[in-house]
Amino acid sequence: MEQKSVAITVTSGKGGVGKSTTVASVGLALAQLGRRVCVMDTDIGLRKLDLMLGLENRIVYDLVDVIEGTSKLRQSLVSHKEYDNLALLPAAQTRYKEEVTPAQVKHLVDELRNEFEFILIDSPAGIEGGFRNAIAPADRAILVVNPEIPSVRDSDRVIGLLESANLDQIDLVVNRVQPGMVRDGDMLSVERVQNHLAINLLGIVPEDRRIIRSSNTGEPVVLDDKSTAGRAFNNIARRINGEEVPFLELEESSLINRIKRIFHIA
C-alpha cells in the first residue's frame, strides 16, 4: 500500500546545533532505504543544504522562484548526483524570508506531497517569520538540541510554539554528545535533556570530526562507513521509516576510550 506523504520540519531553539547536517544526512539515508525524499531549505538568504549535498553548482531556480511563478516546481528541484530518488528544493540566497508567507510554503509542500514520501524541511534559526514558514506545512517536527543549557533552554520555547501550531508529534535528536564530558559533568547527559524537554527521543548523535569533512566535501556523513555519527543518522532514518532500532552505546563503542579511562587519561 502506498505510504502517505509526511512533511517533517527539523528545527531548534538556537542556530549552529546541526539542523542542516541532520536534514542532509537523514534525507540521504532515507533515500538509501529506497524512499522518495525531498529536502527543502527554508533558510532564505542563508541557504546551506546545497553545500552539504554537493549540489551548489546545479542550482538554477529556488523556492522563491516557484512561489513567484518564475519557474515551475519541477524546474527548481535539484536531483542528487547518485540517488535520483532524492531531490533538493533550495532556498533563495539573495532574497528575504519576509517575502514568503506560511500559506505559500504550505501550498508548495502540498504540491511536493504528490511526488515524495518524505519532505524534510530545514528551518532557519530563531522563532521569527522563517520559523513560521517552516512549520506551517509540517505533519511532525524534529527538535535538534546540543547537550548544553542554552540550547535546552531555547528548545523549551520552541516546543511551546510547535504545540501551539498543533504539531502533536515532536521528536528529539540530541546532537554532538561527548561521553567523556558527560562523564566528567561538563556536559548534560541525554537523560537530563530528555527529562527536561519531555518529548520522545528519536536519536543520539555523537560529536564526530568527520562531520566537518563531510560539510566541506558535500558528502553527508552517512556515506562514511567509519563515522559513528553517520551510523547514528542512519539509525534515525530507519526509525522514521518505521523500524525499531536500538540506540548506539556511545560510551562503550570505542576501545580506545575504555583504555584511556582505565589509565585515567580521558
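Okay, ground rules before we start. It's a predicted model, so local features need a pLDDT of at least 70, side-chain atom pairs count only at pLDDT 80 or more, and totals for chains, interfaces and linings use all residues. Residues are numbered from 1 along each chain as its sequence is written, and side-chain values use heavy atoms, with hydrogens and water left out.

Let's begin with helix H1, residues 19-32. When I say helix or strand, I mean DSSP runs numbered from the N terminus: helices are H or I with at least four residues, strands are E with at least two. The expected span of a helix is 1.5 Å times one less than its number of residues. Is H1 largely enclosed or largely open? Largely enclosed by the rest of the structure, because 13 of its 14 residues are buried. Buried, by the way, is under 20% relative accessible area, exposed is over 50%, and partly exposed is in between, using a 1.4 Å probe and protein chains only. Just after H1 you'll find glycine 34, with a positive phi of about 95 degrees.

Now the cores. In soluble globular proteins, nonpolar side chains tend to be buried together. Here a nonpolar core is a set of buried Ala, Val, Leu, Ile, Met, Phe, Trp, Tyr and Cys residues joined through side-chain atoms within 4.5 Å. The largest one has 37 residues, and those touching the most other members include Val26, Leu30, Val39 and Phe233. Which element gives this core its largest share? That's H1, with 7 residues. There's also a second, separate core of 23 residues, with Ile135, Val145, Val158 and Ile170 among them.

Have a look at valine 39 while we're here. Leaving aside neighbours within four places in sequence, valine 39 is in contact (heavy atoms within 4.5 Å) with residues including Val23, Gly27, Leu53 and Leu120.

On to charges. Side chains of opposite charge can pair when their charged atoms come close. A salt bridge here is a side-chain nitrogen of Lys or Arg within 4 Å of a carboxyl oxygen of Asp or Glu. How many salt bridges does the whole structure have? A search finds 12.

Arginine 36 pairs with glutamate 117, with the closest N and O atoms 4.0 Å apart. This one links distant parts of the chain: arginine 36 is in the loop between H1 and strand S2, glutamate 117 is in the loop between helix H5 and S5, and they're 81 residues apart. Arginine 36 is partly exposed at 33%, whereas glutamate 117 is buried at 7%.

Then there's lysine 106 with aspartate 110, at 3.6 Å. They sit 4 residues apart in helix H5, which means about one helical turn separates them. Both belong to a salt-bridge network of Lys106, Asp110, Arg113 and Asp139.

Aspartate 122 is buried yet has no salt bridge, and the nearest side chain of opposite charge, lysine 19, is 5.5 Å away. For that, Lys and Arg count as positive and Asp and Glu as negative, while His and the chain ends are not counted. What aspartate 122 does have is a side-chain polar contact of 2.5 Å with serine 20. A polar contact is a pair of N or O atoms within 3.5 Å; within protein, one must be able to donate a hydrogen and the other to accept it, and residues adjacent in sequence count only if both atoms are side-chain atoms.

Last stop, the backbone. Most residues other than glycine have a negative phi. Asparagine 166 isn't a glycine, but its phi is positive, about 65 degrees. You'll find asparagine 166 in the loop between helix H7 and strand S7, and it's exposed at 64%. Alanine 198 also has a positive phi, near 55 degrees. Its place is the loop between helix H9 and strand S8, and alanine 198 is exposed, with a relative accessible area of 64%.

That's the tour.
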